[in-house]
Amino acid sequence: MRHTVHVPMRWSDMDAYQHINNVAFLDYFEMARVNLFFEHPTHDEQTGMRRGLVVHSHEIAYKRSVLYDAEPLEIQIWVSGIRAASFTCHYELFDHGRLAVTGSTVLVPFDFALERPRRITPEEKEFLARYTDEAAA
């Protein structure tokens, strides 16, 4: 199942060419992740990812330019590749219903008290499994 988030563009995201600057899309993807893992109403300390995540890597592909508009962008986010100590989030960003940007982020659960990666708990795996869309990944 994919999770859908509507993300507003900021005037400051525009570059000298009058379109949204490429680096802004990583912020938009982060907003979608925060919504899914931290703001979603079903989360708690056991089944959410509130205990800590760090970014291992990003990939991003730009399909078309996005011009600033008051209408928010739609981001669909889902999960794949759930391993013992990492998983991948995938994104499709739509501007006025048209696919504009795709991307992915490899995330690693992290124990900040011990300052090292940690394994995904069974409860977290169960939570992540709700948002898998392996066919699309």
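The model is a predicted one. The chain contains two helices and six strands, and their order along the sequence is β-α-β-β-β-β-β-α. Five salt bridges and eight aromatic pairs are found in the structure.

**Burial, surface and contacts**

- Of the 137 residues in the chain, 42% are buried.
- The chain has an accessible surface of about 7,500 Å², and carbon and sulfur atoms contribute 51% of that surface.
- Among contacts in the chain with a separation of 6 or more, 66% are between residues 24 or more positions apart.

**Aromatic residues**

- The search of the whole structure gives eight aromatic pairs, one of them formed by Trp11 and Tyr68, whose ring centres are 5.1 Å apart and whose planes stand at 80 degrees, so this pair is edge-to-face.
- Trp11 belongs to the loop between β1 (3-7) and α1 (24-39), while Tyr68 belongs to the loop between β2 (53-62) and β3 (73-80); the pair thus links distant parts of the chain, 57 residues apart.
- Trp11 is exposed because its relative accessibility is 60%, above the 50% cut-off.
- Tyr68, with 30% relative accessibility, counts as partly exposed.
- One aromatic cluster is made up of Phe37, Phe87, Phe127 and Tyr131.

**Arg2 and its partners**

- A salt bridge joins Arg2 to Glu92, with 2.9 Å between the closest N and O atoms.
- This pair also links distant parts of the chain, since Arg2 is in the segment before β1 and Glu92 is in strand β4 (residues 87-95), 90 residues apart.
- Arg2 is partly exposed at a relative accessible area of 24%, whereas Glu92 counts as buried at 19% relative accessibility.
- Arg2 also lies over the face of Trp78, 3.6 Å from the ring centre.

**Arg10 and its partners**

- Arg10 and Asp13 meet through their side chains in a salt bridge with an N to O distance of 3.0 Å.
- Arg10 is partly exposed, having 31% relative accessibility, and Asp13 is buried, having a relative accessible area of 8%.
- Asp27 forms a salt bridge with Arg10 as well, and the closest N and O atoms of this pair are 3.3 Å apart.
- Because Asp27 lies in helix α1 and Arg10 in the loop between β1 and α1, the pair ties together parts that are 17 residues apart in sequence.
- Asp27 counts as partly exposed, at 32% relative accessibility.

Key: Residues numbered from 1 in each chain as written. Predicted model: local features only at pLDDT ≥ 70, side-chain atom pairs only at ≥ 80, totals over all residues. Heavy atoms only, no water. Phe/Tyr/Trp six-rings, centres within 6.5 Å; stacked < 30°, edge-to-face > 60°. Helix = DSSP H or I, 4+ residues; strand = E, 2+ residues; numbered from the N terminus. Buried < 20%, exposed > 50% of the residue type's maximum accessible area, 1.4 Å probe, protein only. Lys NZ or Arg CZ within 6 Å of the ring centre and 35° of its normal. Contact = heavy atoms within 4.5 Å. Areas by Shrake-Rupley, 256 points an atom, 1.4 Å probe, with all protein chains shown as cover. Salt bridge = Lys/Arg side-chain N within 4 Å of Asp/Glu carboxyl O.
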